[in-house]
Amino acid sequence: MARSKRIEFLADLTRGYNKVLDIGTDHGLVLSSAFEKGYIKSAIASDLREKPLNQAKKNLRKYPISYVISDGFSDIKEEFDLAIIAGMGAYLITNILDHAPSGHHEYLLQANDKIEILRTYLMNNGFSIVDEFIIHDRFYYVILKVIRGKMILNEDDILLGPILKSKPEAKPYYQRKARQIEKIMVNADEKRVESLKKMHKIYKNHIL
Ligand SMILES: C[S@@+](CC[C@H](N)C(=O)[O-])C[C@H]1O[C@@H](n2cnc3c(N)ncnc32)[C@H](O)[C@@H]1O
């Protein structure tokens, strides 16, 4: 089955966990790669909708997996040690995390947009980022590894990532973001230009 670099990267990050919960599993591609590579032994595949979950069942039939129709965590009764919430918008991920169970779980989060909204939410809601990764797979994708805990982020951290900002592989991504801002600024109104300039400066300072 053809799988993207993003899916393979997420699967690689499941290594060493006991039971992995994949929220919004869709066709179960992350779990299927993780099982194939021998990184995990059991999992919960969950989705809001029945149709993708049935497809996941077909793709994952060889493996010991529970299938649950659930809106986020609402109908997840089994224990897990890692939850993956990937390939969704930042606001949807924050809505799902609002109902995350308490306890010692880890989370792999990959928002398709507005990573700064997700980082701000995490800081304000008792989550702490323990690692960050970037991959380029046509687009840039940032993946956050998160646990429960206290974290204080400044403006630079929110935009660049508290851990990602020290990784050399993030520089081309910051370069891309700075260029995108330059294009947006051409047609932006005065008030917006001020905040765009501030963001642009933060990205630029980290490219040098
Ligand atoms: C674009 S797919 C992402 C699939 C996969 N996680 C990935 O990273 O490629 C989003 C999936 O999330 C599911 N979804 C959307 N909202 C959800 C929610 N509140 N709870 C569980 N699943 C949800 C959708 O049905 C869809 O299958």
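The model is predicted: local features need pLDDT of at least 70, side-chain atom pairs count only at pLDDT 80 or more, and totals for chains, interfaces and linings use all residues. Residues are numbered from 1 along each chain as its sequence is written.

User: How far apart are the centres of domain 1 and domain 2?
Analyst: The bounds come from an automatic or database domain assignment. Domain 1 covers 5-152 and domain 2 covers 167-208. Over C-alpha atoms, their centres are separated by 29 Å.

User: Which element gives the most to the shell around the ligand?
Analyst: The ligand is surrounded by 15 residues, and the closest are Gly-24, Asp-26, Leu-48, Ala-86 and Gly-87. A residue is near if its C-beta atom, placed from the backbone, lies within 6 Å. Strand E4 (82-88) and helix H4 (90-97) each supply at least two residues. With three residues, the top contributor is E4.

User: How many residues of the shell around the ligand are nonpolar, polar and charged?
Analyst: Ala, Val, Leu, Ile, Met, Phe, Trp, Tyr, Cys and Pro count as nonpolar; Asp, Glu, Lys and Arg count as charged; the others, Gly among them, count as polar. On that scheme the shell holds seven nonpolar, four polar and four charged.

User: Which residues touch the most other members of the largest nonpolar core?
Analyst: A nonpolar core is a set of buried Ala, Val, Leu, Ile, Met, Phe, Trp, Tyr and Cys residues joined through C-beta atoms within 7 Å. Buried means 20 or more other C-beta atoms within 10 Å, exposed means 12 or fewer, and partly exposed lies in between, with C-beta atoms placed from the backbone. The largest core has 47 residues, and those touching the most other members are Leu-10, Val-20 and Ile-84.

User: How many residues are in the other core that lies apart from it?
Analyst: Its members include Leu-160, Tyr-173, Tyr-174 and Tyr-203. The count is seven.

User: Which residues is Met-199 in contact with, leaving aside neighbours within four places in sequence?
Analyst: Met-199 lies in helix H8 (residues 190-207). It is partly exposed because 18 other C-beta atoms lie within 10 Å. Contact means C-beta atoms, placed from the backbone, within 7 Å. The partners are Leu-159 and Ile-181.

User: What phi does Asp-26 have?
Analyst: Asp-26 is in the loop between strand E1 (19-23) and helix H2 (29-36). With 19 other C-beta atoms within 10 Å, Asp-26 is partly exposed. Asp-26 is not a glycine, although its phi is positive, at about 55°.

User: Where is Lys-114 found?
Analyst: Lys-114 has a positive phi of about 45° although it is not a glycine. It counts as partly exposed, with 15 other C-beta atoms within 10 Å. Its place is the loop between strand E5 (106-111) and H5.

Technical notes: Helix = DSSP H or I, 4+ residues; strand = E, 2+ residues; numbered from the N terminus. Contact = placed C-beta atoms within 7 Å.
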